[in-house]
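Q: Can you walk me through this one? I'd like to start with how a pair of helices cross.

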Amino acid sequence: MLTFLSRRLLASIIVLLLASYLVYILSANAGDPLDALRTSTAKNKEQLIAQRIQQLGLDIPTPLRYFLWLGGILKVFVGHFTLGQTISGTNVTTAVGSAAIVTIQLIVASVALAIVFGVLIGITTALRQYSGYDYTVTFLAFLFFSLPSFFIAVVLKAYVGITFNNYLADPHVAWWAYVFIPLVIGGAAAGVAGGTRRFRFMTFAIATVATLAVVVFIAATDWFVTPTLGAADIVIVAIVAVALALLVTVLTTGTRNRKALYTALTTVAVGLVLYFPFMAISEHLQLWSVALLGLLAIAVGLVIGYLFGGHDRSQSMRNGAIVAFLTGLVIVIDRFMQSWHVYVTEVVNGRPIATVGSATPDLNSLTSSFWIHGLDTYTHLLLPTISLCLISIAGYSRYMRANLLDVMNSDYIRTARAKGLNQRTVVMRHAFRNSLIPLTTIVAFDLGALLGGAVITENVFAWSGMGRLFTDALRDVDVNSLMGYFVVAGISVVVFNLLADVAYSALDPRIRIAA
Amino acid sequence: MSQLPPIEPDLNEAAAGAAAPDTIAATDQQSNFELKEVEGLSQGRIVWRRFLRHRGAMISAVILLIVVVAAFSSEGIDALGVKIPGWWPYNYTQLTTMHGGGQPTWQHPFGEDSLGRDMFAIVMRGCQQSLMIVFIVGVISLVIGVIIGAASGFFRGWVDTILMRFTDIVLIIPLIVLTATLGRRYGASGSLVLAVVLGLASWTALARLVRGDFLSLREREFVDAARVAGAGPWRIMMVHILPNAIGVIIVNTTLLMSATILTESAVSFLGFGVQAPDVSLGSVIGQYQTAFQTRPWLFFWPAAFIVIISLTINFIGDGLRDAFDPRQKRALNKAARKAAAAAREKARTEASGASQPA
């Protein structure tokens with residue numbers, strides 16, 4: 001393993017060096033960095049040009065200038081690490097640093113959501129292979145593959161963002177929302193449920209009516225304007241938490257396992273008891289304290305599971321932990337919603353869904369509330385995240401579907417069925433977990449690539465992340481910035497490829513890395 | 001369960017009363033029907049017939065053909081000094097009188113842009129450019145990818161090491177960076193040059209796949225046989241291995257082409273691709289992305305054509321993949337499928353009847 005890693009690293013470093021040389025030459029030849037100055041009307045034009053030539057070393061031929069740049073990196077060993085200066089004279093290192101933080105902010109949520117939904121859709125389509133649901137999802141996946149990302153981004157920006165903001169200004173639910181949303185959700189539920197015609201019809205009817213009830217409720221209470229019922233929120237929190245607890249139990253152990261079921265329900269009960277104390281102290285919380293409370297909740301869930309025990313103690317504990325986390329999440333979301341009205345009216349003047357930038361300017365001077373800041377981040381993240389997600393979901397779900405179908409045809413699944421295990425255990429324990437292994441590779445590749453910036457999405461939504469850094473640098477022929485960008489993007493590709501290999505061999509003992 | 005191969009006893013055995021649940025026989029049963037259907041046909045013919053039966057791929061092929069014909073006939077051809085006028089009265093650079101806000105009218109079915117140019121002409125010209133770029137990128141990637149992949153997979157050793165490290169070097173540079181950087185430099189020299197440089201950047205994935213295929217194929221007996229018969233490396237690669245790898249190559253080139261239309265339009269959208277006065281579908285969208293609240297037709301027509309082209313190529317690639325996949329069973333024609341299903345049904349009833357205690 002160690003030999004493998006060191007060999008791969010060495011090879012990667014050489015590849016990186018050669019690739020960086022290539023990028024340097026290409027970007028230096030992409031245009032003229034003095035273009036802007038040459039056409040300027042400044043009186044001291046000659047002087048400015050001479051100054052920039054001096055500053056960027058433009059009088060040195062490009063193939064040699066690269067080594068000057070490389071020297072700056074190699075100085076890391078003597079403590080003078082530098083990536084050179086940008087065209088406007090600031091340090092590349094600082095520019096790249098702040099851009100990287102913005103990009104990480106942008107992609108973490110979208111990758112996480114894409115994995116969750118991609119896996120969910122992949123599993124359901126694989127289990128209902130060749131059904132109407134499968135064909136519909138397949139077609140949609142192809143469609144999203146074929147949609148240019150800038151098209152999705154621009155449409156989201158202009159329609160979803162602006163339409164939703166307009167809706168908030170004049171909360172009136174159109175008639176078609178009452179018809180289409182329930183029908184679509186009911187149809188999807190029936191497709192996922194499968195089974196006999198009668199069963200599917202029942203699922204369709206129940207899901208449609210339930211969704212219709214939710215839509216009517218939202219319309220009646222203007223939910224999106226004030227998404228809270230005050231203290232009565234606890235009723236909604238309770239309903240959602242119990243539903244989640246049941247869902248988790250059904251999926252992991254089945255309701256036959258009473259101990260696991262009781263663990264889940266007790267955990268929800270404890271969460272609900274702590275609801276009001278949490279709301280009382282919530283105004284003083286910050287990110288770290290909320291995270292700490294989350295860990296605490298998981299610990300409580302584990303303890304409850306441990307106390308209930310049962311013939312499979314670890315199962316109850318796991319169940320408790322998952323349910324505790326979800327209950328906590330529901331409560332935290334509810335707390336965010338309580339701040340929503342304040343945020344909409346006092347911070348953003350009634351137009352909460354942001355289409356530009358990564359944060360409301362000067363928010364720090366307005367408030368230091370964690371909840372308001374959190375909401376601000378979400379509203380700015382929403383549209384870029386959706387546009388990044390949709391394409392990844394299409395890819396992941398197809399991939400997951402193929403994996404699961406592959407696994408379901410394997411001999412150990414036949415063995416599991418022959419042992420008399422039920423469908424849930426076969427799918428969730430044997431097939432699902434193994435079908436996730438190949439997905440790690442794809443996700444690692446994607447993360448590596450995305451750290452290089454979601455170039456299009458960042459441009460459309462005006463996030464000043466890595467992608468923006470790259471396009472700006474390319475437009476101005478700012479070679480040093482572009483190289484700074486490439487260093488981060490290239491290294492992240494290399495590192496995540498390496499991680500993918502290591503993870504694959506760690507997860508699947510059949511794969512052994514050849515040294 | 002539905003994806004498991006049907007576990008049914010063979011028809012003949014069941015009829016004879018021997019109801020031993022032989023799982024292998026069932027697959028034989030189905031492949032008998034398939035075999036009867038493809039008897040006496042070459043591999044190429046079989047693949048071609050399977051492809052023709054893939055409904056999604058065929059519909060896509062027809063739509064794509066219509067788009068290609070419309071794009072090239074309406075605006076005419078104007079490349080490499082060849083000039084053939086098209087049937088559409090307006091040119092993509094020609095200014096016409098504005099009607100209202102440039103809304104779509106009978107005269108200008110796709111509307112007009114803010115300067116009064118005919119949108120149909122612009123979109124058709126954009127289609128031409130995008131299709132041409134996609135085609136050229138496909139051909140260049142195919143040639144480079146196959147040569148590099150074949151050489152490194154077949155010769156292994158230091159040739160493989162050098163070629164694959166070279167592939168890594170190109171691969172490690174994000175595609176959009178490579179294409180945008182090259183596009184910034186060469187985009188203004190016309191879309192032909194742009195297409196060539198995009199092709200020089202897009203072959204890496206294909207090279208890796210071809211290498212993998214060659215690595216496994218070169219160990220097969222028929223290659224040994226050819227070598228014993230005295231065939232040189234060039235002949236083995238071209239005559240013996242390449243035809244066996246053709247499925248991977250064709251399918252992935254097609255998928256690469258559908259990805260290329262997105263890459264090209266993204267690069268042009270950012271302003272590093274096809275430069276004005278020439279247009280591609282991506283550059284039109286990039287130019288009008290802010291205008292589309294007021295004039296949606298400037299945005300939706302080019303976007304629709306990107307989606308149509310990319311989607312149809314994707315479906316064709318999918319159809320090709322199914323056609324080349326020897327495990328594919330769905331390509332049986334309707335009559336054969338029905339016959340197979342009937343046979344299975346019969347076997348099932350007879351088998352269950354036989355398994356009942358008399």
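Q: At what angle do α10 and α11 of chain A pack?
A: About 160 degrees, with their axes 9 Å apart. Axes are lines fitted to C-alpha atoms over the stretch in contact, and angles run from 0 to 180 degrees between N-to-C directions. That makes α10(A) roughly antiparallel to α11(A) (over 145 degrees).

Q: Which residues of α10(A) meet α11(A)?
A: Among them are Ile234(A), Val237(A) and Ala238(A). Contact means C-beta atoms, placed from the backbone, within 7 Å. Ala, Val, Leu, Ile, Met, Phe, Trp, Tyr, Cys and Pro count as nonpolar, Asp, Glu, Lys and Arg as charged, the others as polar.

Q: New topic. How many residues does each chain give to the contact between A and B?
A: Chain A gives 40 and chain B gives 34. On the side of chain A, α1(A) gives the most, with eight residues. That side has 29 nonpolar residues, eleven polar and no charged.

Q: Where is confidence lowest in chain A?
A: This is a predicted model: local features need pLDDT of at least 70, side-chain atom pairs 80 or more, while totals for chains, interfaces and linings use all residues. Residues are numbered from 1 along each chain as written, with chains lettered from A and ligands numbered from 1 in written order. Confidence is lowest in α2(A), residues 35–38, at a mean pLDDT of 72 (the predictor's confidence in each residue, from 0 to 100). Chain A averages 86.

Methods: Helices (H or I, at least four residues) and strands (E, at least two) are DSSP runs, numbered from the N terminus. Angles under 35 degrees count as roughly parallel, over 145 as roughly antiparallel, 65 to 115 as roughly perpendicular and the rest as oblique. Two residues are in contact if their C-beta atoms, placed from the backbone, lie within 7 Å.
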